[in-house]
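Trainee: I am new to this structure. Please pick one part and take me through it closely, in one connected answer.

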Amino acid sequence: MLREGLVRRITKSVYVDSSLPDTVELRAQALALVVRPHQVVCDRTAAWLWGIDVLPWSDHDVLPAVETAATGGGSPCTRAAADGHTRQLADSDTTTLAGLKVTTPLRTALDLACVLERRDALAALDAFRREHGLTSQQLVIGVVRFAKRRGVVQARELIPLSDPRSESVRETWTRLAIIDAGLPAPDLQVWIEVDGVRIYRLDLAYPRHRVAVEYDGWEAHERTEEQRRHDQGRRAWLRRHGWTVIVVRNGDFTGAALASWIDKLRAALSSVYSNRRVLERGDRARRA
């Protein structure tokens, strides 16, 4: 039935009629088949229920087990389709979503900030702030309870770096790579205006320096020819008008590829600073 497209897998060991729309209610009903009553859905599975996908690309082919936490001294879930944990959860940390007990967006975001790898953890924080309106203050206050928990140092470091304006995981990765390189954090979602009319929006930019950084990963292969021409035309326009445009692609987050575009960005920012110093010296010389 799966091969013929009659059913689809909604989570590990649970299948549904392919004609059913993917809704929060359907996801919760599916998870209820593998989660015990005293279990709380948490971590990446909770994020999925809240509409935020933090799974690595490979996990979309082989879905991971449902992540749960036992409460009230209960034993962890041992079912094959579940990954059971024990965790101290206050009443305010959980809620009911379509009949299923799940960690709140705030608690889920903080848990992921501790347990995920660093760049994925920041992407999760960005997404929860964007989609669920979490504020930096809420996260800072919430993480106080996590003292001595494994991963709390990472969470404390990343919370001030989180930004709800980030629109994708790779955009967050790009921003974090820039910060980790010791460069100033770029502004996000910057509009270019001509005569008061917005014409282009930049993912990451330094407007005063006329430097733009754009992520252009594997998703670009799914764009239409018209969309690709638009991107090319936009970047050509920016360069004609004095902008430096640095394009980051899917494989550019490690090793020599990472070093290459970071060096280009550092050089672009430095050249603006150097040119400004030259002009300032020239102005002083003329005044003298």
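Mentor: Start with helix α8, residues 225–240. It lies across four strands: β8, β9, β10 and β11. Its direction makes about 80° with β9. Contact here means heavy atoms within 4.5 Å. Axes are lines fitted to C-alpha atoms, for helices over the stretch in contact, and angles run from 0 to 180 degrees between N-to-C directions. Helices (H or I, at least four residues) and strands (E, at least two) are DSSP runs, numbered from the N terminus.

Two notes before we go on. This is a predicted model: local features need pLDDT of at least 70, side-chain atom pairs count only at pLDDT 80 or more, and totals for chains, interfaces and linings use all residues. Residues are numbered from 1 along each chain as its sequence is written, and side-chain values use heavy atoms, with hydrogens and water left out.

Helix α7 also lies across β8, β9, β10 and β11. It runs at about 55° to β9. Keep α7 in mind; we will come back to it.

Now the sheet. It is open, with four strands in the order β8-β9-β10-β11. The pairing is mixed. Two strands pair if DSSP finds at least two bridges between them. At the edges stand β8 (187–194) and β11, each pairing on one side only. From one strand to the next, the twist averages 45°.

Take β9 and β10. They run antiparallel and are joined by three bridges. Tyr206 stands opposite Val211 of β10. The two strands form a hairpin with four residues between them. In that hairpin, Arg210 takes a positive phi near 55°.

Next, β10 and β11. These two run parallel, and five bridges join them. Val213 has Ile246 of β11 as its bridge partner. Ala212 has Val245 of β11.

Stay on β10. The strand is mostly covered, with five of its five residues buried. Buried means under 20% relative accessible area, exposed over 50%, partly exposed in between (1.4 Å probe, protein chains only). Val211, Val213 and Tyr215 point one way from β10. Ala212 and Glu214 point the other way. Residues on both sides are buried.

A pair of rings is described by the distance of the centres and the angle of the planes. Rings of Phe, Tyr and Trp (its six-membered ring) pair if their centres lie within 6.5 Å; planes under 30 degrees apart count as stacked, over 60 as edge-to-face and the rest as tilted.

How many aromatic pairs turn up in a search of the whole structure? Three. One of them joins Trp173 and Phe253. Their centres are 5.4 Å apart, with 90° between the planes, an edge-to-face pair. The two partners come from distant parts of the chain, 80 residues apart. Trp173 belongs to α7 (residues 169–180), the helix we set aside. Phe253 sits in the loop between β11 (244–248) and α9 (255–287). Both Trp173 and Phe253 are buried.

Phe253 also pairs with Tyr215. Here the centres are 6.0 Å apart and the planes meet at 35°, so the pair is tilted. Tyr215 lies in β10 (residues 211–215) and Phe253 in the loop between β11 and α9, so this pair ties together parts that are 38 residues apart in sequence.

Are Tyr215 and Phe253 buried or exposed? Tyr215 has a relative accessible area of 11%, so it is buried. Phe253, at 10% relative accessibility, also counts as buried.

Trp173, Tyr215 and Phe253 form one aromatic cluster.

Last, look at the charges by Trp173. A charge sits over a ring if NZ of Lys or CZ of Arg is within 6 Å of the ring centre and within 35 degrees of the ring normal. Which residue lies over the face of Trp173 at 3.6 Å from the ring centre? Arg119 does. Arg170 also has its charged end over the ring of Trp173, 4.3 Å from its centre.
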